[in-house]
Amino acid sequence: MLCYTSLDILDIQWIWQFFSSGHTNNWAVLVCTSRFWFNYRHVANTLSVYRSVKRLGIPDSHIVLMLADDMACNHRNPKPATVFSHKNMELNVYGDDVEVDYRGYEVTVENFLRVLTGRLPPSTPRSKRLLSDDRSNILIYLTGHGGNGFLKFQDSEEISNVELADAFEQMWQKRRYNELLFIIDTCQGASMYERFYSPNIMALASSQVGEDSLSHQPDLAIGVHLMDRYTFYMLEFLEDIHPASKTNMNDLFKVCPKSQCVSTPGHRTDLFLRDPGSVLITDFFGSVRKVELTMDAINLTDPIKQMEEDPVNGEEQKEVYSYADQLPVSEIIHQKPKQKDWHPPDGFILGLWTLILLVFFKTYGIKHLKHIF
Amino acid sequence: MGLLSDPNRRRALISMLTRLNAPICVVCYFAGVAWFMGLAFEPFTLRTYMSENAMGSTMVEERFPAGERALATGREFAAHKKKVGGMPVDWLVKNMQDRGLEVFTQSFSRTLPFPDENKERYIVKGTNVYGILRAPRAPRTEALVLSAPCSPGDNNNQAVGLLLGLAQYFRNQIYWAKDIIFLVNEHDLIGMQAWLEGYHHTNTTGMSWSPLQGRGGSIQAALSLELSSDVITSLDLVLEGLNGQLPNLDLANLFYAFCQKIGVLCTIQGKLQRNDWDSVSGYNHAVQTMMLMVMKQASGRPWGDHGLFLRYHIEAATIKGVNSFRQYKTDATTIGRLLEGMYRKLNNLLERLHQSYFFYLMPSLSHFVSIGYYMPAFGLLAVILLLRALDLWVQLNTPPSTTEDGVADIDQVRHTPGVLSVLTPLVISHLTGVALYALPIRFQETAVEHFPVSETEAVVLTAIAIYTAGLALPHNTHRYYIVCVCGTEQGWRVLKLVAVLYLAVLLGCTALINFSLGFILALTLVPLAAFVTPHVPKVLSAFILVILSPACTLLFSVFFFQELQDMPVSFQDGWLLYLSVISQGILDHSLYGSLVYPLIALLVYPCWLLFWNILFWK
């Protein structure tokens, strides 16, 4: 039995805030694209984000971790089975329960795009799939060596910003995400998000076009740079986040100003429907199960209206139904609809050429036809 | 019409070429020399920088602690060496095994073609001892080498001690991704050659050695250590190897970077770097350093034990500790740390060093001149030869002007001698060259029987005798000409054309492989090739030709080299040094395959003889 009590306007607002974010599960795709010992810092970057994401609640089954090389077991590592993110070895981000889904040479452009779009062969195990749905918030983190408009994978191939934008569009059309947060820490990282055109994507990059992302600090005992600056300060920022914190995206945009990062981090929010100030960090980095305790009964209005019966008359009125335009993309991103190019029909061209030939042979004599037939 | 196909324009071009030939040649020569001298001027050089990404900067932490213990080991080594009277093989084997290395020995023996003054016997026998430190977790595919020579007397004891100390320290680290081979070789270069041949399963020089029982994978880099005192004031880097080959510049950059980080004084060619490049004395200093490198490279002999590695595409350098009169002294621990840092960085390599230059000159340790900058100097000299060849070709093909009475000498017009006419001088010159190459060693016993000299002197004096005998050739060979071209104007022109082109090709090929040798030969041979004709004053030209011949160039180079090292010698000592240089050249050729002696004897000397022939053309 429901007990009806009077409801405040504030209660109603508080109820609707409960449903504000619209997502029900979280996924993370974390990719490190470089191999070789001197790219230790890229693996450390990815593992730091992995660590934060796991700490804030996303389970391994919802994380696709792709590491192009194994630093922890590299022969040159003086501290085997560890990957440190801070000098003086304060923080071992490798930990003891890392689950790497794509390792070594499996980290390729093709595999990355297949993971995003879901076009994997049936034999792929579940741990290697991104099984997101239309209520998933996905965090995508890329790091490695990049340039203006491309990101280098494994020293042998590149992914371009156009390919990435198209992959995200495929994800949108297949309803594989609710909202997407894209973070990239490479040189000239802002070029990678320039071409996005699908809605509900927010993007952050560590440097603008023409700038290099710099590494943070070398560790003399290990002999390599341990982390990149942007991810280092982002990790510091994330260490203060706990599952119940209410920090929003505007604070993440302020991470690593130019004085600390030397490069200028950038972000892009025009494709995102919500205001970044209302987006919590834990919407993407954590997997928060919303629980609100109440002693009151709350009347949720019925969102579905019943259709009224038409008065019966002899004729059946058949209306032609069509799908409403659910995706007014051009309105969302204020783009002019693309003009479809007009081609004359094929038969017309054939007829035109036949006419020209006939006129030619008429004028210059039929004997030239011999040369053709 | 094009420039070359239009006959009028062609004639104009040709006439300009013949008119201005001599002035252009002179200008080119001085431009080439000026360009070369300008290479040492600091604004024209580039600062050295690390090109290899994997090696990165010098960010490692060096923690080698045991310098004193290394010196004590060195003293023990010296004592055992004196007791055994040679290489203390058993002591070395036991010592290396105690430090946890896999130890192997290799015995070798070599019959020298003639006993040189160092060895004083025909057969050299020795043993190499080496220990392999296996990488703890890596497969045995790559290796690094650290070597120290076992020298007689009191030399290099500290080097062996430091090598053993480093071996013990390295054994306790787990970050090695490559095997490290610690090698102590006997008889310097001969032992090193035996070891390298055994390691790579080649036998190019006819040495006999026992096969190596233990191997470590393909060698990526090697360092050779020469340290003869407990404290040093500076470290000298030696780069020049066999046949003028140099290691990758990144190895020198690595050494320099660590010298700066640790704060050790580092030199190249024994000369310290100066900062006042805009003053005359600063420029002189840079020129001296560069000329020393040019001289050493031109000699074609390896100036350290590292020189033989380069042939196998292994980047190697020698580090010499120098103890001179300076206030600031460096101890063995610091040297150990420098080597530790270098080896940790070499450990990070994923491929062989190939990103930086293989052909360069260094006026100082922090500046270098790459091949693209120094080759034009040689190019300007080679252009002189080509201009001369063009001039001769034009002269050969122009019909001679008619004589006063309008009757052209038909014989002279028709009788353009073909190339076959120059065959005789060519063949005879080259036979003389072959004699110069082969006879000295072959007839050393006969020489020793008839003259009161040692074998070494016999060889050298025979060589000089044959060289001088070649000067008498033109007077004797004229009667052997196949086609009688004696007396014709065209005959010597054809010979000179062939000789000039031959010299151009020869010098070009030499300069590509060993720029210094090619340039020095070009400096002396190009002027004489350009100006020599039968019509210049005979006595003066003969004198100039002898002065500019390869043998005299070598003599002057010996004196110049001593001057550059601030150790000028008197004429007597210089002459003895010259004789020893020749004997060393012959010995290097048979021991390690150095190409300088065969080049000079078989190719450059016959070419010079052709010009001598032209001078005395009747």
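Is B:D6 buried or exposed? Buried, with a relative accessible area of 16%. The cut-off for that label is under 20%. Keep in mind that this is a predicted model.

B:D6 forms a salt bridge with B:R9, and the closest N and O atoms are 3.8 Å apart. B:R9 counts as partly exposed, at 41% relative accessibility.

Staying on chain B, look at helix α9, residues 371-397. B:D391 and B:R388 both sit there, three residues apart, about one turn of the helix. Their side chains meet in a salt bridge, 3.3 Å from N to O. B:D391 is buried at 7% relative accessibility. B:R388 is buried too, at 15%.

Over to chain A. A:K54, A:D60 and A:D97 are joined into one network by salt bridges that share partners. A:D155 and A:K152 form a salt bridge as well, 2.8 Å from N to O. A:D155 is partly exposed at 47%, and A:K152 is partly exposed at 26%. Over all chains, the structure holds 23 salt bridges.

Now the sheet. Chain A has an open sheet of seven strands, ordered β3-β2-β1-β4-β8-β9-β12, with mixed pairing. β3 and β12 stand at the edges with a single partner strand each, so one side of each has no neighbour in the sheet. β4 and β8 run parallel over seven bridges. A:L142 stands opposite A:I184 in β8 of chain A. Helix α5 of chain A packs on this sheet and touches β4, β8 and β9.

Last, the surface. A:F348, A:I349, A:L352, A:W353, A:L355, A:I356 and A:V359 form a nonpolar patch, about 700 Å² of accessible area together. A:L355 lies in helix α10 of chain A and is exposed at 52%.

Technical notes: Residues are numbered from 1 along each chain as its sequence is written. Chains are lettered from A and ligands numbered from 1 in the order in which they are written. This is a predicted model: local features need pLDDT of at least 70, side-chain atom pairs count only at pLDDT 80 or more; totals for chains, interfaces and linings use all residues. Side-chain values use heavy atoms; hydrogens and water are left out. Patches are made of residues with over 30% relative accessible area and no salt bridge: like charges are joined within 9 Å, nonpolar side chains (Val, Leu, Ile, Met, Phe, Trp, Tyr) within 5 Å. Accessible areas come from the Shrake-Rupley method with a 1.4 Å probe; for residues, only the protein chains shown count as cover. A salt bridge is a side-chain nitrogen of Lys or Arg within 4 Å of a carboxyl oxygen of Asp or Glu. Helices (H or I, at least four residues) and strands (E, at least two) are DSSP runs, numbered from the N terminus. Buried means under 20% relative accessible area, exposed over 50%, partly exposed in between (1.4 Å probe, protein chains only). Two strands pair if DSSP finds at least two bridges between them. Contact means heavy atoms within 4.5 Å. Axes are lines fitted to C-alpha atoms, for helices over the stretch in contact, and angles run from 0 to 180 degrees between N-to-C directions.
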